Amino acid sequence: MEQLEMYKKLAGEKAVEYIEDGMTIGLGSGSTVYWMMKKVSELVKDGLTIQGVPTSKRTEGWAKEFGIPLVDFSNVEKIDVAIDGADEIDSELQLAKGGGGSLVREKIVDILAEKFIVIADKTKLVKTLGKFPLPVEVVPFGYEVTAKRIANLGATPVLRMKDGKVFVSDNGNYILDCQFQAIEQPELLHEEIKGLVGVVETGLFVNMADIVIIGNEQGTEIIT
Ligand code: 5RP
């Protein structure tokens with residue numbers, strides 16, 4: 001297995017140690033989450049009663065494939081633990097997410113969790129957010145105007161494409177990948193972008209992470 005993939009696997013599997021019988025789990029999105037879910041499926045096979053809330057259609061598909069029971073989000077009273085990946089994690093545990101385009105559902109689920117655990121390979125740790133273009137989900141109508149208004153905040157927004165077509169999120173929206181110089185004040189920037197009409201959500205997950213598990217050559221590092 002490639003080294004980076006091994007780091008993802010180590011982080012994903014470590015997070016499963018926080019899952020207990022009877023819990024409702026927020027299932028994040030992305031390739032690191034994939035390894036976490038594979039491990040969760042072993043717990044299910046061992047007889048643990050857990051139920052998952054998926055944050056993307058892809059995650060929902062994996063849950064079905066791996067036999068992880070899912071619960072309708074509208075029937076969920078609380079989420080005990082959410083486990084999700086990240087594109088960047090700064091020294092204050094502020095996150096940039098949305099590389100896979102699932103940031104809205106991820107934020108809705110992750111913010112509700114009593115414990116939000118972030119899993120990532122070591123390349124995701126940064127001093128300051130911003131090298132990874134910040135994903136911002138926007139309403140398709142008038143997205144060009146919304147993009148100009150985000151550009152006025154110091155970014156270069158690019159409309160996300162996939163296979164030669166405009167990428168459409170699970171919610172039917174577009175994603176603008178916004179390159180900023182550096183994101184020194186994530187909370188402030190999130191509020192500024194979120195305040196623009198047409199913006200659905202930003203990929204800045206501010207003051208949300210409780211635990212970060214990093215996979216590296218030593219195994220895993222846990223940051224709180
Ligand atoms: C998807 C996300 C993912 O969690 C993020 O892109 C990390 O993915 P990966 O584990 O594949 O590196 O935010 O919207």
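**Figure 1. Contacts of Glu-106 in a predicted model.** Glu-106 touches Gly-28, Ser-29, Thr-55, Asp-84 and Lys-97, leaving out residues up to four places away in sequence. Two residues are in contact if their C-beta atoms, placed from the backbone, lie within 7 Å. This is a predicted model: local features need pLDDT of at least 70, side-chain atom pairs count only at pLDDT 80 or more, and totals for chains, interfaces and linings use all residues. Residues are numbered from 1 along each chain as its sequence is written. Glu-106 lies in helix 4. Helices (H or I, at least four residues) and strands (E, at least two) are DSSP runs, numbered from the N terminus. Glu-106 counts as buried because it has 30 C-beta neighbours inside 10 Å. A residue is buried if 20 or more other C-beta atoms lie within 10 Å of its own, exposed if 12 or fewer, and partly exposed in between, with C-beta atoms placed from the backbone. The UniProt record, an unreviewed entry, places the feature "active site" at Glu-106. UniProt positions follow the numbering used here, feature names are shortened, and annotations may be inferred rather than shown by experiment.

**Figure 2. The shell around the ligand.** The ligand is surrounded by 17 residues. The closest are Gly-30, Ser-31, Gly-85, Gly-99 and Gly-100. Helix 2 (31-45) and helix 4 (103-110) are the elements that give two or more residues to this shell. A residue is near a molecule if its C-beta atom, placed from the backbone, lies within 6 Å of it. By class, the shell has two nonpolar, 11 polar and four charged residues. Ala, Val, Leu, Ile, Met, Phe, Trp, Tyr, Cys and Pro count as nonpolar, Asp, Glu, Lys and Arg as charged, and the others, Gly among them, as polar.

**Figure 3. Helix 1 and its cover.** Helix 1 takes in residues 3-15, 13 residues in total. From first C-alpha to last, helix 1 reaches 19 Å, close to the 18 Å expected at 1.5 Å a residue. The expected span is 1.5 Å times one less than the number of residues. Buried residues of helix 1 include Tyr-7, Leu-10, Ala-11 and Ala-15. Lys-8, Lys-9 and Lys-14 are buried too. The cover over the buried residues of helix 1 includes helix 2, strand 3 (79-84) and strand 6 (113-121). Strand 14 (211-216) and strand 15 (219-223) are also part of that cover.

**Figure 4. Ala-120 in strand 6.** Ala-120 lies in strand 6. Ala-120 is buried, with 24 other C-beta atoms within 10 Å. Not counting residues up to four places away in sequence, Ala-120 touches Ala-11, Thr-32, Gly-85, Ala-86, Ile-89 and Ile-214. Ala-120 and Gln-179 are 59 residues apart along the chain, and their C-alpha atoms are separated by 21 Å.

**Figure 5. Thr-156 in strand 8.** Strand 8 (residues 156-159) holds Thr-156. Thr-156 counts as partly exposed, with 14 C-beta neighbours inside 10 Å. Leaving out residues up to four places away in sequence, Thr-156 touches Ala-151 and Gln-179. Thr-156 and Cys-178 are 22 residues apart in sequence, yet 5.4 Å apart in space, C-alpha to C-alpha.

Figure 6. Ala-182 lies in the loop between strand 11 (174-179) and helix 6 (186-194). Ala-182 is exposed, with 12 other C-beta atoms within 10 Å. Beyond its neighbours within four places in sequence, Ala-182 is in contact with Thr-128 and Gly-130. Gly-67 lies in the loop between helix 3 (57-66) and strand 3. Gly-67 is exposed, with 10 other C-beta atoms within 10 Å. Beyond its neighbours within four places in sequence, Gly-67 is in contact with Ser-41 and Val-44. The C-alpha atoms of Gly-67 and Pro-140 are separated by 35 Å.

Figure 7. Leu-93 has phi near 65 degrees, a positive value in a residue other than glycine. Leu-93 is found in the loop between strand 4 (88-89) and strand 5 (95-96). Leu-93 is partly exposed, with 19 other C-beta atoms within 10 Å. Asn-207 has phi near 50 degrees, also positive in a residue other than glycine. Asn-207 lies in the loop between strand 13 (204-205) and strand 14. Asn-207 is exposed, with 10 other C-beta atoms within 10 Å.
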